[in-house]
Amino acid sequence: MSILKKFTRIGKNRKFDYKPRFYDDKGKGNPYKIEPRFDKFRSTVNSPRGIKGKFNSAIDDVKTQGDRNLKIRLAVILAVLILIFLYIIDFDISIFFK
């Protein structure tokens, strides 16, 4: 019976006392805390719960003025992609003109 106990016995977990080499106690925050870089600039992080809170945050996002160059660039890219799509499906534009 003692031979069976040797193979079925579960060992105890080892405990390690880990101390980081370059950790500064007096520094700012925990260096091992994973936090995305741009969370402090995003309006969607920690947004209020509920339909009214989501609606109000969406209205606030619409009211803020975005980058004008970005909007123009997006419009140009969309126009080019639409034209490429119409060319691929061989769309005939002459149906709009007499």
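From the N terminus on, the elements of the protein chain follow the order α-α-α. This is a predicted model, in which local features need pLDDT of at least 70 and side-chain atom pairs count only at pLDDT 80 or more, while totals for chains, interfaces and linings use all residues. Residues are numbered from 1 along each chain as its sequence is written, and side-chain values use heavy atoms, with hydrogens and water left out.

**View 1. The whole chain and its confidence.** The mean pLDDT, the predictor's confidence in each residue from 0 to 100, is 77 for the protein chain, and 74% of the residues score at least 70. Confidence is lowest in helix 1 (residues 2-8), with a mean of 71, and highest in helix 3, with 91. Where pLDDT is low, the predicted coordinates should not be read in detail.

**View 2. Helix 3 along its length.** Helix 3 (residues 68-88) holds 21 residues, and at 1.5 Å a residue it should span 30 Å, the expected span being 1.5 Å times one less than the number of residues. Its end C-alpha atoms are 31 Å apart, which agrees with that expectation.

View 3. Aspartate 90 takes a positive phi of about 60 degrees although it is not a glycine. Most residues other than glycine have a negative phi. With a relative accessible area of 66%, aspartate 90 is exposed (buried means under 20%, exposed over 50%, partly exposed in between, with a 1.4 Å probe and protein chains only).

**View 4. Serine 94 and aspartate 92.** Serine 94 lies in the segment after helix 3 and, at 42% relative accessibility, counts as partly exposed. A polar contact of 2.8 Å joins its side chain to that of aspartate 92, such a contact being a pair of N or O atoms within 3.5 Å, where within protein one must be able to donate a hydrogen and the other to accept it, and residues adjacent in sequence count only if both atoms are side-chain atoms.

Terms used
Helices (H or I, at least four residues) and strands (E, at least two) are DSSP runs, numbered from the N terminus.
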